[in-house]
Amino acid sequence: MPPKGSKKRAADTSAGASQSKSTKTNASTSAGAASEEQQRDPSVEVTGSNEQPNDASNDDSNTEDHEMHEDKIKNDPYTYITNCAPRFEFESRYNKEHEDDDDFDEEKASELWADEHNDRKCACFNKDRTDGWTMMRKAFARKMDAETIEIPQRDQDMFGMYVYNDFTGYGYQEVVENNMAEFNKVLNDKDGKTEELWTILESMAWWIVDEPNAPWHMIDDGERSWLTYSLLGFMLLAALNRMDREGDFKVDSKYKDLSLVLGVWAKAADDLGGDVSDPLDDGKSGSSDMGDYAGFNLLWFRYLLAFAKENSVPIQGVTDVDDKIEEWYSQIDGKVKLPPKKEDRFGWKTKLNKYTKSYGKGGKIGGQEFRIPLWTREKRKKYAFDKKDPLSDEQINALKDGMVLQMM
Ligand SMILES: [Zn+2]
């Protein structure tokens, strides 16, 4: 079977849709359905936010703020731009609007979302639309890289391969770890910018919620998963604490998507949370039985609510969260004690070290081990169903030239 294009994956109408509704128990079935759908329909076009809007025009004098050209991303990474809303948000808005309709079709929103992209009607291409999603330019670029390069290049199904059962899940884990490692590097670099940390957090919550990640939730090392889900939130708290120390964790912050991004992380807590005690929980600040939200078992989520409240920063802008946030606040009220204010207030360093000791190699986490296009031909052949290298010479050369993998 031919490998599938990575750009196509982002525009697929069913993959994210089934994922975002899936729970951990039915995750494997929905992932299977998604990849089948991708194989059946290789003709879906490139998606909007993953394409460079107006890329037909190479006139630099006409460069718009929202454009995603390489030099713009490099030289002007922290300007806020608006593209279209994530699929999960589009779906929530649509479903909320139509839930009372007699002939309401839950799958409809997902199709509409893809249609808008493919017809270039979305906010990526039409800046007069008011339903877009605003965040830093580099965050969109990071999200695009994750969804079109980093994650699909570690997906054995995309290459018609079988390495081992959980290979794709551990590949996703490697991408997650690479983001945490980069976060930590920027955090500890004396010239590292808080804005740069923010671009990692803006993008990551989005692709964790939106990108088909069922194989990730299914990996056979549950302890490692739970430590990761917990650590991810402490990464968020480490950045928020730094913002706070710089006077920017507040209403009307210069991070104008602060409330929105907190909303996406609150939604991510639902995806990541569950009926397990948090390995990084010291038991002093509430517990999972504080409310019925899946995310309540995660200490970082409880801290997030309390920390946002402490600084009067609203968590808002994500439809699924807006409906529930007041209830969550009332459920944690008086039960969560935040650590005293200091540089590493939430203990990121110790927590990351704990993870690195258990799962890192040579003191490092992440890497490129799962990235199939970087393997030797022999290795790819060995695991391919048909024992042929799924990549052509042309594709390998394109990759060397920095092209996004587009295999049909
Ligand atoms: Zn779009």
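**Before starting**

The model is predicted: local features need pLDDT of at least 70, side-chain atom pairs count only at pLDDT 80 or more, and totals for chains, interfaces and linings use all residues. Residues are numbered from 1 along each chain as its sequence is written.

**The whole protein**

Of the 408 residues, 47% are buried. A residue is buried if 20 or more other C-beta atoms, placed from the backbone, lie within 10 Å of its own, exposed if 12 or fewer, and partly exposed in between. Among contacts with a separation of 6 or more, 76% join residues 24 or more positions apart; two residues are in contact if their C-beta atoms, placed from the backbone, lie within 7 Å.

**Helices α11 and α16**

Select residues 222-245 for helix α11 and residues 348-359 for helix α16. Their axes are 10 Å apart, and the helices pack at an angle of about 150°. Axes are lines fitted to C-alpha atoms, for helices over the stretch in contact, and angles run from 0 to 180 degrees between N-to-C directions. The pair is therefore roughly antiparallel; angles over 145 degrees count as such, those under 35 as roughly parallel, 65 to 115 as roughly perpendicular and the rest as oblique. The crossing of α11 and α16 is left-handed, a term used if the near helix is turned anticlockwise from the far one by less than a right angle, with right-handed used if clockwise.

Next, show side chains. From α11, Arg224, Leu227, Leu231, Phe234, Met235 and Ala238 meet Trp348, Lys351, Leu352, Tyr355 and Tyr359 of α16. This contact of α11 with α16 has nine nonpolar, no polar and two charged residues. Here Ala, Val, Leu, Ile, Met, Phe, Trp, Tyr, Cys and Pro count as nonpolar, Asp, Glu, Lys and Arg as charged, and the others, Gly among them, as polar.

Pick out Lys351 in α16. Lys351 is buried, with 22 other C-beta atoms within 10 Å. Not counting residues up to four places away in sequence, Lys351 touches Leu231, Phe234 and Leu280. The C-alpha atoms of Lys351 and Leu231 are 6.9 Å apart, although 120 residues separate them along the chain.

**The nonpolar cores**

Select Ala205, Met235, Leu237, Trp265 and Leu304, which touch the most other members of the largest nonpolar core, a set of 84 residues. Such a core consists of buried Ala, Val, Leu, Ile, Met, Phe, Trp, Tyr and Cys residues joined through C-beta atoms within 7 Å. A second, separate core has six residues, including Phe159, Met161, Trp375 and Ala384.

**Last stop: Tyr303**

Finish in helix α13, residues 299-310, at Tyr303. Tyr303 counts as buried because 25 C-beta neighbours lie inside 10 Å. Beyond its neighbours within four places in sequence, Tyr303 is in contact with Leu237, Ser285, Val336, Leu338 and Phe346. From Tyr303 to Leu338 the C-alpha distance is 6.5 Å, across 35 residues of sequence.

Conventions:
Helices (H or I, at least four residues) and strands (E, at least two) are DSSP runs, numbered from the N terminus.
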